[in-house]
Amino acid sequence: MNRLSFPALVLVGFLCSCTRDNATQYETAPTAETVESSVAPAPQVTFQRFTQELPALTLPFTATCSFDYVLAETIDTATTRAFLKPLEIPYRRIPVSKGVMAVLALFPADETLPRLRTFSQEGVLLDEQDLKFNPCGEEPGFSHSEQFTIQKDLSIVHLDSTTRWQFDAQYNEVPNTRKLTVTRKRFTITANGQITETK
């Protein structure tokens, strides 16, 4: 009998020690409803403020593969996030018409990728166009370069120059095998913000 009563007493003691005392205040995890946000809401960013921070692009403007883009010093990253894609950096603004503004943005990659975007005065994206299409550089038997020019009439001329040649086992150029191909693309920024390729 002593054997049966000792385990029973241990079990009763254990159960009594595990009960919760309702008079004690226990710490509970906060919920979203009980916690007030300590972060102040971000101020509303206007498109006018964004474009005012950017210098105007002087036209005509020409850039090659090795062009050194000098960025504006007063760019607010919170402002750029509201209107550009992640990692893009605004370079210059181009007034198109009374209701349309273009922004030349740069995307950092192995080579800087210039991209033209048009916006309404409210900051709504209207159209976009990459202004670089292939990597520049040279390797045995191949050389590639690109150039674009934005004219005063808001037309864009893109030149793609590719040179190919044959080479021997020591990578020396075989004479009279060099061939240059130049491809020209033309685009126009319309008054309503569309960027269209023209023939």
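Visitor: What makes E2, E3, E4 and E5 a sheet?
Guide: Strands pair if DSSP finds at least two bridges between them, and these four strands form an open sheet in the order E2-E3-E4-E5, with antiparallel pairing. Strands themselves are DSSP runs (E, at least two residues), as helices are (H or I, at least four residues), and both are numbered from the N terminus. By the way, this is a predicted model, where local features need pLDDT of at least 70 and side-chain atom pairs count only at pLDDT 80 or more, while totals for chains, interfaces and linings use all residues. Residues are numbered from 1 along each chain as its sequence is written, and side-chain values use heavy atoms, leaving out hydrogens and water.

Visitor: Why are E2 and E5 called edge strands?
Guide: Each of E2 (89–97) and E5 pairs on one side only.

Visitor: How do you know that E2 and E3 pair?
Guide: The cut-off is at least two bridges, and E2 and E3 have seven, in the antiparallel sense. So they count as paired. Within this pairing, Arg92 stands opposite Leu104 in E3.

Visitor: Why is Ala102 called buried?
Guide: Buried means under 20% relative accessible area, exposed means over 50%, and partly exposed is in between (1.4 Å probe, protein chains only). Ala102 sits at 0%, so it counts as buried. You'll find Ala102 in strand E3 (residues 100–107). Across the protein, 32% of the 199 residues count as buried.

Visitor: Which residues does Ala102 touch, and what makes that a contact?
Guide: Contact means heavy atoms within 4.5 Å. Leaving aside neighbours within four places in sequence, Ala102 is in contact with Arg92, Arg93, Ile94, Val96, Leu116, Arg117 and Thr118.

Visitor: How do you know that Cys65 and Cys136 form a disulfide?
Guide: A disulfide is a pair of cysteine sulfur atoms within 2.5 Å. The sulfur atoms of Cys65 and Cys136 are 1.6 Å apart, so the pair passes the cut-off. The structure holds one disulfide.
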